[in-house]
Amino acid sequence: MRTTRLIRWIGTLLAALFLSWPAAPQETSHYTRFRDAKWYAIQLQSLQEEVAKIDTDLRTLVEARKSGKGITDAVALDQEPEGVTSDAQMDALRKRRVVVLRQIDALEEQARHNAIAPGDLRTEYGAEVSETISGRKLNRETKELENALAQEKERLEHARKDAELLRRDQKLKAQQEYSNPESPSRRNKPSELMGLGNRLAEKEAEVQEAEQKLTDLEDRLEDLRRNSESQPETDTPADAESTNLKSERHEKNEADWRKQFVEIDYKVRTAQTELDILQRELNLGSVQYYPNPSTAMKESVTRKEINEHRKAIEEKKKEIAKLKKQRDDLEDALRHAGGPTGWAR
């Protein structure tokens, strides 16, 4: 009898301990676009719209060739078509269509690999509006994440622009070097192409790194948005919020000034580099040989590319003057605000 009662007591004790034992924390599922059916659907929708537009353009060209309307054997001297003939335009469209279809296949294969149901990929979504998190106040973590996202977008834009200028510079240097009749071994200076190629490779790697980081930040922001929907909103005390804002203004005062000067200096430097490239492209264009007789004939009559470069040079000079004026105004504003002149460097 005593043994039975002891067994029951031990069982009751073990049951109580089991019930009071803290539950194991559930693993949080973080958001990633590669497992999001909506992200795949939006990407596919954009690519499919491009395919539909290409098909429409192809049908228009085919009908124009059949009916003879909209085409002519004459060469339009004041226009620069995508191809010299309609066949060339159709060939360019067909090549682009193949590229887009491959992108669609790659996305669908990636979706299958991540267990996305095929039916979910056919859902149509409108434009997304994401200013706040479900209409709530943005918390500090979200604000910091959005600031980091804006900075990374700016970094990516700068890296792409720098890479584009390096490619144009590399092309000009290559044309200049290959047109030099002197043997490379007898030249005084070593070739600049190798150095340009290395810088371009580094910049392209920076573009890829920025694209990946931007993707990660966007996923983290979406993850935060989704998690906040399942959590109760907590109000920050007004006094604490006011204190945080004051401290942020005080801490960011110098950083804000320096950031503005860094941005305007980057714009001036980039515009001057582009102006230099435009002027060199103009010099090259003045003696450019066109292997295509149609293009050569148009350029000999209209000098379209040369005129476009001259116009771009004048506009770039005006842009540089405007940017320098903005920097002078910024320095005046800094002096009036009582800030040290060192913040402008």
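Trainee: Okay, buried means under 20% relative accessible area, exposed means over 50%, and partly exposed is in between (1.4 Å probe, protein chains only). Is glutamine 260 buried, exposed or partly exposed?
Mentor: Glutamine 260 counts as partly exposed because its relative accessible area is 35%. One thing before we go on: this is a predicted model, where local features need pLDDT of at least 70 and side-chain atom pairs count only at pLDDT 80 or more, while totals for chains, interfaces and linings use all residues. Residues are numbered from 1 along each chain as its sequence is written, and side-chain values use heavy atoms, leaving out hydrogens and water.

Trainee: Where does glutamine 260 lie?
Mentor: Look in helix 6, residues 238-286. Helices here are DSSP runs of H or I with at least four residues, strands are E runs of at least two, and both are numbered from the N terminus. The C-alpha of glutamine 260 is 8.3 Å from that of leucine 330, though 70 residues separate the two along the chain.

Trainee: How many helices and strands are in the protein chain?
Mentor: Eight helices and zero strands. Of its 345 residues, 24% count as buried.

Trainee: And what share of the contacts join residues at least 24 apart?
Mentor: Contact means heavy atoms within 4.5 Å. If you take contacts between residues at least 6 apart in sequence, 84% join residues at least 24 apart.

Trainee: New topic: how many residues does helix 2 have, and what does it reach from first C-alpha to last?
Mentor: Helix 2 (residues 37-67) has 31 residues and reaches 44 Å, close to the expected 45 Å. That expected span is 1.5 Å times one less than the number of residues. Several of its residues are buried, including Leu44, Leu47 and Val51.

Trainee: What's at the start of helix 2?
Mentor: A side-chain oxygen of aspartate 36 comes within 3.1 Å of the backbone nitrogen of lysine 38. Aspartate 36 itself sits in the loop between helix 1 (2-20) and helix 2.

Trainee: Why does aspartate 36 count as buried?
Mentor: Because its relative accessibility is 10%. Leaving out residues up to four places away in sequence, aspartate 36 touches Tyr31, Ile116 and Arg226.

Trainee: How many aromatic pairs does the structure hold?
Mentor: One. Tryptophan 39 and tyrosine 40 make an edge-to-face pair, with 5.2 Å centre to centre and 75° between the planes. For a pair, the ring centres of Phe, Tyr or Trp (its six-membered ring) must lie within 6.5 Å; planes under 30 degrees apart are stacked, over 60 edge-to-face, and the rest tilted. Tryptophan 39 and tyrosine 40 are both buried.

Trainee: Which residues touch the most other members in the largest nonpolar core?
Mentor: Tyr40, Ile104, Leu107, Ile116 and Leu121, out of 13 residues. Helix 2 and helix 3 (86-113) each supply at least two residues of this core, and helix 2 gives the largest share, six. A nonpolar core is a set of buried Ala, Val, Leu, Ile, Met, Phe, Trp, Tyr and Cys residues joined through side-chain atoms within 4.5 Å.

Trainee: What is isoleucine 104 in contact with?
Mentor: Besides neighbours within four places in sequence, isoleucine 104 contacts Leu44, Leu47, Gln48 and Val51.

Trainee: Last one: is alanine 115 buried or exposed?
Mentor: Alanine 115 is exposed, because its relative accessible area is 71%. It is in the loop between helix 3 and helix 4 (140-178). Alanine 115 also has a positive phi of about 60°, although it is not a glycine.

Note on methods:
A polar contact is a pair of N or O atoms within 3.5 Å; within protein, one must be able to donate a hydrogen and the other to accept it, and residues adjacent in sequence count only if both atoms are side-chain atoms.
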